[in-house]
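Me: Could we go through this model together? I would like to start with the overall picture and then turn to details.

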Amino acid sequence: MSLIEISHLRKEYPNVTPLKDVNATVDEGEVISIIGPSGTGKSTLIRCLNRLETPTSGEILVDGVNMCDPATDLSKMRQKMGMVFQNYALFGHKLVVENLMMAPMDLLGLSKQEAYDQALDLLDKVGLRDKALSWPHELSGGQRQRVAIARGLAMRPKILLFDEPTSALDPQMVSEVLSVITGLAEQGLTMLVVTHEMRFARDASSRVFYMDRGELWEAGPPEQIFEHPVRQETHDFIFRVRSWEWDVDTLAPDFHAMEASLVAYCQRQFMGRHAANACLLIVEEAVGNQLLPYARAHGVTDPNIHVTFYAGEGGVDMVMDVDCRTVLSAGVGEAPGVHDMDQLSLSLITAHCERWELLEPGLVRLYVR
Ligand SMILES: Nc1ncnc2c1ncn2[C@@H]1O[C@H](COP(=O)(O)OP(=O)(O)OP(=O)(O)O)[C@@H](O)[C@H]1O
Ligand SMILES: [Mg+2]
């Protein structure tokens, strides 16, 4: 028997049905990342699991106990199943160590000394023993979230549920929290993590659940979901979250912001400097030196250029789509050179692209070297 068994789970609100018919099992020791577009029921699923929400129909068995049965002792079940939210929700008027002691004393019956000793051990585990006597407001967001995880562990749960545990954090704090979660995975705790950190989902989970429109659309090991998704929707979502996009809707776009965002993207994809520079040059050349002057010359004030860049990790398979249909439509017939992307091809393709394709007039696909 699996540790968690979900069958035909449905949750309806008056105007929306965030969960239509979800079926899944989770075995002990598994780490499940739940990914998917916004509003597709990920949080609702997590909240139904520990019965913060009451499902409309269906069944959830946790360790053989039916969570939907009115006779089930929910507070006892919630002790087995900790939850870590996006916004850490620590008690601000309690010291860090006290935050970790209260529930175990109240609910597990630990003595003050036992609760204190356990709290220090757990703080050690999340690398924050020296913050035991600090107030929550004295900690960084990442540290607070690590305390929140330690507090979840203080109840000695079998299962830990996370709802976007890093989404309120600055990028540099994300990795410290994720490495704590990864450490827990290595110790065999069963975890379900709603996340938009695709790297974590790929590297730290045993399986990934892709949710879409209230259903568990595709579930499988990370290699399947990220490299060989079975369903088109999964493929499109993965592509979208792994790609970089930039919209140019003015004649004087902020190239510094564009550069910062593209460089950050390239770092996330573990691309070398050379590849990152090539992309920067292409965008600057295509947009700054070709398309915007063309737009100005043709009186286009709302250029509406859309650049999408996709790179596999390490900078393989780099593809850039430049959509400048609105710009070119201003001068169709007048400037066949630009229309055909000939200038672009001459100045860039030879230097930085293997080849290029015109998907339709004004929509060019470049295969970056
Ligand atoms: N208490 C509620 N009452 C009414 N509708 C709700 C309630 N909670 C969630 N919903 C709706 O259910 C749908 C799914 O919401 P949910 O929070 O589960 O999405 P999500 O996948 O977690 O999205 P996100 O990635 O943005 O967090 C949304 O349309 C949301 O507006
Ligand atoms: Mg959510």
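This is a predicted model: local features need pLDDT of at least 70, side-chain atom pairs count only at pLDDT 80 or more; totals for chains, interfaces and linings use all residues.

Me: How many helices and strands does the protein chain have?
Reply: The protein chain has 14 helices and 15 strands, taken as DSSP runs (H or I, at least four residues; E, at least two) numbered from the N terminus.

Me: And what box do the C-alpha atoms fill?
Reply: Along the principal axes, the box is roughly 80 × 45 × 35 Å.

Me: At what angle do α10 and α11 cross?
Reply: The axes of α10 (residues 255-268) and α11 (residues 273-297) cross at roughly 150° and come within 10 Å; axes are lines fitted to C-alpha atoms over the stretch in contact, with angles from 0 to 180 degrees between N-to-C directions. The pair is therefore roughly antiparallel (over 145 degrees).

Me: Which residues of α10 make the contact?
Reply: Phe255, Met258, Glu259, Leu262, Val263 and Cys266 do, where contact means C-beta atoms, placed from the backbone, within 7 Å.

Me: Changing topic, what surrounds ligand 1?
Reply: Its surroundings include Tyr13, Val16, Pro18 and Lys42, with near meaning a C-beta atom, placed from the backbone, within 6 Å.

Note on methods:
Residues are numbered from 1 along each chain as its sequence is written. Chains are lettered from A and ligands numbered from 1 in the order in which they are written. Angles under 35 degrees count as roughly parallel, over 145 as roughly antiparallel, 65 to 115 as roughly perpendicular and the rest as oblique. Two residues are in contact if their C-beta atoms, placed from the backbone, lie within 7 Å.
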